[in-house]
Amino acid sequence: MAVFTEVSDKAAKALLKRVPLGEFVSLRGIEGGIENTNYFLTTSEGEYVLTLFERLRADQLPFYLYLMKHLAQAGIPVPDPQAESKTGDILLQVEGKPAAIVNKLRGKSQLTPQVAHCQSLGGMLARMHLAGQDFPRQQPNLRGLPWWNETVPVVLPHLEQLAAELLTSELAYQNHIAASSAYTALPRGPVHADLFRDNAMFDGDEMTGIFDFYFAGVDTLLFDIAVVMNDWCVDLATGVIDQARADALLAAYQAVRPFTAPERQLLPAMLRAGALRFWISRLWDFYLPREASMLKPHDPTHFERVLRARLASPFVLNTPVATK
């Protein structure tokens, strides 16, 4: 795991005096994160997740935490931030870092999703998008197009010529798409923006939770769908879309929230955008890493393959998609 900040048992016990969740039992690091420090916090009342935020500033965090609280209150199975008893604050401080405690979700991640998992995910994603429509806080997707434009010049010197040419041309294409009338017409709202296989929980085929909202922001709902498709509905070795899984996800989604005509038109472009976003961020993490006690950046070439696959074979919607 990426342990940027070590948390002692003493600090955890002190925290539980402010956030009354039972007596301290144990604290155990969670594998997989590269942005935050995460621990399983076990108490006499149950299991929770303690997150210390390493990159996000304290003034940015209320958007994420109150979005989760909003979705949880709407019946979406997401982590529900726990509050200090005296102040009611859900943004905490641990070891000098902004932090939060949330309930541990039921189930386990499904790292080899099948059609049934994608179908369950599609319906839940649409419900989550609808539940977020009346969320009052505003914050842009901090890893959106402005960040791509800032970061690409930083990582370009590290790339071979063919990869650099692809990165540059795709960024230009996405700037062109973002200036179009069809893009302006896309429905927007709070999106997860990082809903990969390891950020969801299942019990059998039933989706029981969505977590790690710390890349969330207001963006096009279609971008969220594209990010999900590029992970859940692809062959990981090649980046090629599995049509059956993609069709199941999209059919379940549009049964809850029908797609608009601009969304149907721009889905291929947003699939490219989703691949570009994670190629850039993985290049950044790979070539400009931060120190951590255990940190292994993700392979950036995976999303280069995904982008090349989206370019070689633009996705075709096989399921009938309603327009409005």
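Biologist: Among contacts between residues at least 6 apart in sequence, what share joins residues at least 24 apart?
Modeller: The share is 75% in this protein, where contact means heavy atoms within 4.5 Å. The structure is a predicted model, in which local features need pLDDT of at least 70 and side-chain atom pairs count only at pLDDT 80 or more, while totals for chains, interfaces and linings use all residues. Residues are numbered from 1 along each chain as its sequence is written, and side-chain values use heavy atoms, with hydrogens and water left out.

Biologist: How many helices and strands are there?
Modeller: The protein has 10 helices and nine strands. Both are DSSP runs numbered from the N terminus: helices (H or I) have at least four residues and strands (E) at least two.

Biologist: What about the radius of gyration?
Modeller: The protein has a radius of gyration of 20 Å, which agrees with the value near 20 Å for a compact globule of 324 residues. This radius is taken over C-alpha atoms, and the globule rule is 2.2 Å times the number of residues to the power 0.38. Along the principal axes, the C-alpha atoms fill a box of roughly 55 × 45 × 35 Å.

Biologist: And what percentage of the residues is buried?
Modeller: Buried residues account for 56% of the 324. Buried means under 20% relative accessible area, exposed means over 50%, and partly exposed lies in between (1.4 Å probe, protein chains only).

Biologist: Let us turn to Asn-199. Where is it found?
Modeller: Asn-199 lies in the loop between strand S6 (188-191) and strand S7 (200-203).

Biologist: Is Asn-199 buried or exposed?
Modeller: Asn-199 counts as buried because its relative accessibility is 6%. Leaving aside residues up to four places away in sequence, Asn-199 touches residues including His-192, Gly-209 and Phe-211.

Biologist: Salt bridges next. How many does the structure hold?
Modeller: The structure holds 13 salt bridges. In each, a side-chain nitrogen of Lys or Arg lies within 4 Å of a carboxyl oxygen of Asp or Glu.

Biologist: Why can such side chains pair?
Modeller: Side chains of opposite charge can pair when their charged atoms come close.

Biologist: Which residue forms a salt bridge with Glu-206?
Modeller: Arg-106 does, with the closest N and O atoms 3.5 Å apart. This pair links distant parts of the chain, 100 residues apart: Glu-206 is in strand S8 (residues 206-210), and Arg-106 is in the loop between strand S5 (97-103) and helix H3 (115-131). Glu-206 is partly exposed at 43% relative accessible area, and Arg-106 counts as partly exposed at 47%.

Biologist: What of Arg-257 and Glu-263?
Modeller: Their side chains meet in a salt bridge, with 2.6 Å from N to O. Arg-257 is buried, with a relative accessible area of 6%, and Glu-263 is buried at 0%.

Biologist: How far apart are Arg-308 and Glu-304 in helix H10?
Modeller: Arg-308 and Glu-304 are four residues apart in helix H10 (residues 301-312), so about one helical turn separates them. Their side chains meet in a salt bridge of 3.1 Å, N to O. Arg-308 is partly exposed, with a relative accessible area of 36%, whereas Glu-304 is buried at 15%.

Biologist: Which residues do salt bridges with shared partners join into one network?
Modeller: The network consists of Arg-106, Asp-203 and Glu-206.
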